[in-house]
Amino acid sequence: MNCFKHPVAAVGVCAYCGRGLCSACAPDAARLVCSPACEAALTRDGQAMQMILQKSVQSLRASAFYCYLCGGLSAGAAVAAYFMLPSPFLIYFTGACAVALISSGVWYGRVAKRQG
């Protein structure tokens, strides 16, 4: 691959657009970029990625809260079904839903802590 500006062999490629860079065009920076526009685009992409990760953690926390809430309501329904409706199926079903939802909430919470 040749440099995109000079007819010499490239020593690297731009981290954003993939153009070849020779030793004269390659800056002495941590990231190889061919222009200020590519540097700005990389910075903007990095900021967008950070925002997406933050929103993902917020979504995981909200999902954990929702699972805890629904699990608590299901547990309450299982207790109410035990005392009010002597239906074993309803008691076991709502109890199992409570266990599944609370364990899902724990899982969502752990993933949120690991990513956050």
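Trainee: Leaving aside neighbours within four places in sequence, which residues is C34 in contact with?

Mentor: A contact list shows what packs around a residue once its sequence neighbours are set aside. This is a predicted model, and in it C34 touches F4, C14, C17, R19 and L21.

Trainee: Is C14 buried or exposed?

Mentor: Compare the relative accessibility with the cut-off. Buried means under 20%; C14 has 3%, so C14 counts as buried.

Trainee: How many disulfides does the structure hold?

Mentor: A disulfide needs two cysteine sulfurs within 2.5 Å. The structure holds zero disulfides. For C14, the nearest cysteine sulfur belongs to C17 and is 3.6 Å away, so by that cut-off C14 is in no disulfide. For C17, the nearest cysteine sulfur is that of C34, at 3.5 Å, and C17 is in no disulfide either.

Trainee: Is C17 buried, partly exposed or exposed?

Mentor: Partly exposed covers the range between buried, under 20%, and exposed, over 50%. C17 has a relative accessible area of 37%, so C17 is partly exposed.

Trainee: Which residues form a nonpolar patch on the surface?

Mentor: Nonpolar side chains can also be grouped on the outside. In this model V79, Y82, F83, M84 and L85 form such a patch, with about 630 Å² of accessible area together. Take F83 as an example: F83 lies in helix 1, residues 36-84, and has 64% relative accessibility, so F83 counts as exposed.

Trainee: Where is S74 found, and is S74 buried or exposed?

Mentor: S74 is found in helix 1. With a relative accessible area of 16%, S74 is buried.

Trainee: Which residues is S74 in contact with, leaving aside neighbours within four places in sequence?

Mentor: Contacts can join parts of a chain that are separated in sequence. S74 is in contact with T94, C97, A98 and L101. Of these, C97 is found in helix 2, residues 88-115, and counts as partly exposed at 24% relative accessibility.

Trainee: How many residues apart in sequence are C97 and S74?

Mentor: They are 23 residues apart in sequence, and their C-alpha atoms are 6.4 Å apart in space.

Terms used: Residues are numbered from 1 along each chain as its sequence is written. This is a predicted model: local features need pLDDT of at least 70, side-chain atom pairs count only at pLDDT 80 or more; totals for chains, interfaces and linings use all residues. Side-chain values use heavy atoms; hydrogens and water are left out. Contact means heavy atoms within 4.5 Å. Buried means under 20% relative accessible area, exposed over 50%, partly exposed in between (1.4 Å probe, protein chains only). Patches are made of residues with over 30% relative accessible area and no salt bridge: like charges are joined within 9 Å, nonpolar side chains (Val, Leu, Ile, Met, Phe, Trp, Tyr) within 5 Å. Accessible areas come from the Shrake-Rupley method with a 1.4 Å probe; for residues, only the protein chains shown count as cover. A salt bridge is a side-chain nitrogen of Lys or Arg within 4 Å of a carboxyl oxygen of Asp or Glu. Helices (H or I, at least four residues) and strands (E, at least two) are DSSP runs, numbered from the N terminus.
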